[in-house]
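This report is meant for a reader meeting the structure for the first time. Please look over the sequence and the fold before reading on.

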Amino acid sequence: MNATLLTGMNEHLKLEFKASHEYRAMSVWLAANDLPGFSKWMAQQSADELLHAQKFIDHMVERDQAVQLPAVAQPPASWESAEALCRHVLENEQAVTASINELYAMAEQAKDRPAIVLLQWFVNEQMEEEAAARAILGRIRLGGSGVGLLMIDQELATNSMPGMPAEPGAAGA
Ligand SMILES: [Fe+2]
Ligand SMILES: [Fe+2]
């Protein structure tokens, strides 16, 4: 594998592990703040991010490339509100998407077909992840305080939010 692309993939691992760690922290904070549906959604997202990291690791290992696991910083322990938390999730996903797009450009530059095929999966996955975060944020903005927030929490608890995949994270497997 081209050295630039290999460095890029190893750098990208940081973002997936960081997202997993932050989403786990969010899940804990949400559970402590009586939003079990939101907490469940974030726990699932945290697990998905580890699967994403593993996909890159498997790809590098299969191609006999050196994997460098990153250090992961301690995540925040609290957020201003569920809305602020969801805004942070969306920003996180947008940063991951930007990194995937950069990797894609590197893979094209190197004419690396296996990497392009791998990254195509991630292009679709990021589109779904951003759409899900945007859908939840949109519903919070429409009616996400008091009873409205409890309704959204219920939708997340039962995987029944309009505009979301039937099983959040199903595409991440
Ligand atoms: Fe991810
Ligand atoms: Fe994600």
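The model is a predicted one. Along α2 the buried residues include Gly-37, Phe-38, Trp-41, Met-42, Asp-48, Glu-49, His-52 and Phe-56, and the buried residues of this helix pack against α1 (3-32), α3 and α5.

Helix α5, which covers residues 147-157, has Leu-149, Ile-152, Asp-153 and Leu-156 buried. Seen down the axis of α5, these buried residues fall within an arc of 105°, so they line one face of the helix. They pack against α2 (36-62), α3 (82-109) and α4 (113-143).

Both helices are followed by a residue with a positive phi, as the table sets out.

| Helix | Residue that follows | Phi |
|---|---|---|
| α2 | Asp-64 | positive, near 60° |
| α5 | Asn-159 | positive, near 50° |

The largest nonpolar core holds 33 residues, of which Phe-38, Ala-82 and Cys-86 touch the most other members. The elements that give two or more residues to this core are α1, α2, α3, α4 and α5. Phe-38, which is among the buried residues of α2, is in contact with Leu-30, Ala-82, Asp-153 and Leu-156 when its neighbours within four places in sequence are left aside.

Note on methods:
Residues are numbered from 1 along each chain as its sequence is written. Chains are lettered from A and ligands numbered from 1 in the order in which they are written. This is a predicted model: local features need pLDDT of at least 70, side-chain atom pairs count only at pLDDT 80 or more; totals for chains, interfaces and linings use all residues. A residue is buried if 20 or more other C-beta atoms lie within 10 Å of its own, exposed if 12 or fewer, and partly exposed in between; C-beta atoms are placed from the backbone. Helices (H or I, at least four residues) and strands (E, at least two) are DSSP runs, numbered from the N terminus. The arc is that of the directions from the helix axis to the C-beta atoms. Two residues are in contact if their C-beta atoms, placed from the backbone, lie within 7 Å. A nonpolar core is a set of buried Ala, Val, Leu, Ile, Met, Phe, Trp, Tyr and Cys residues joined through C-beta atoms within 7 Å.
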